Amino acid sequence: MRTVYVNGQYVPENEASVSIFDRAFLFADAVYEVTSVLDGKLIDFHGHITRLERSLSELGINFKVDADALLAIHRELISKNNVTEGLVYLQISRGAASDRDFMFPAADVAPTVVLFTQSKSLIKSALAERGQKIVSFADLRWRRCDIKTVQLLYPSIVKNEAAKKGADDAWLVLDGKVTEGSSNNSYIVTRDGTIVTRELSHDILHGITRKAVLKCAAELDLKVEERAFTIAEAQTAQEAFTTSASAFVCPVVEIDGAVIGDGTPGPIAKRLREIYIDANRAAAI
């Protein structure tokens, strides 16, 4: 049984609880981060903390981030649960008021802080080996996708709908252009070898893995264009892939029934995955 963290206490998972009046439960009024663990160490921890601070600020959640304290909690959970490879989930809500109310609670209501680990194989991935099949859906999420909130019902819906269609995941389309995947950033590689991914805005999450992978691409002298692209352009691309903290770089081999390239993971995606893992493994803390 895992040990989890709830509001300053390390407890067995079956003893962990939060109030039914917590705003994460009632209003999805909370933000989160997921940090990968390799060799018992954290990948890009400070990048996740920086984004956490931004998300909290954008929503006005009164929580002062202490990076050192959060690092210590992450490490303690990794140790208590003997995690060598996997994830640490962190969630901070606006807290629990005395009743359900659309108005934010008083400033003296403390935020709710929850963390837990998940042991999971990240490097050896059958999906990365064979490549993902993607189907597209209209992007019907709220328009502040740049804030990493727990409002994940629509991404959950499209993931399940994609599975019903025999696909692995979904890409979301807004005004005719791909925004991102259900839980990842999306990329194509054009016929001339240019990596294309949507520019940063309120329409996509500012991915920590995205930033790291684009740095890897620059170090490999690969050309990158940050712009929107259509499903039609993606279907004629040389390669496609996604990035996320839990899947790193994951190739795409089919989009809405159209085979990408030769139908196998492409060399650029495979190389970026290798470089990303090696670089971040070496820099893990």
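Predicted model: local features only at pLDDT ≥ 70, side-chain atom pairs only at ≥ 80, totals over all residues.
A pair of aromatic rings comes down to two numbers, the distance of the centres and the angle of the planes.

There are 7 aromatic pairs in the structure. Take Phe 27 and Phe 102: their ring centres are 5.1 Å apart and their planes meet at 65°, and since over 60 degrees counts as edge-to-face, that is what this pair is. Phe 27 belongs to helix α1 (residues 23–27), while Phe 102 sits in the loop between β5 (85–93) and β6 (112–119), so the pair ties together parts that are 75 residues apart in sequence. As for solvent, Phe 27 is partly exposed at 21% relative accessibility, and Phe 102 is exposed, with a relative accessible area of 61%.

Tyr 89 and Phe 116 pair up in another way: with centres 4.8 Å apart and planes at 20°, these two rings are stacked. The pair bridges two strands, Tyr 89 being in β5 and Phe 116 in β6, so parts that are 27 residues apart in sequence get tied together. Tyr 89 counts as buried at 16% relative accessibility, because the cut-off for buried is under 20%; Phe 116, at 24%, comes out as partly exposed.

Lys 80 lies over the face of Tyr 10, at 5.4 Å from the ring centre. Over at Phe 104, the charged end of Arg 94 sits over the ring, 3.5 Å from its centre.

Conventions
Residues numbered from 1 in each chain as written. Heavy atoms only, no water. Phe/Tyr/Trp six-rings, centres within 6.5 Å; stacked < 30°, edge-to-face > 60°. Helix = DSSP H or I, 4+ residues; strand = E, 2+ residues; numbered from the N terminus. Buried < 20%, exposed > 50% of the residue type's maximum accessible area, 1.4 Å probe, protein only. Lys NZ or Arg CZ within 6 Å of the ring centre and 35° of its normal.
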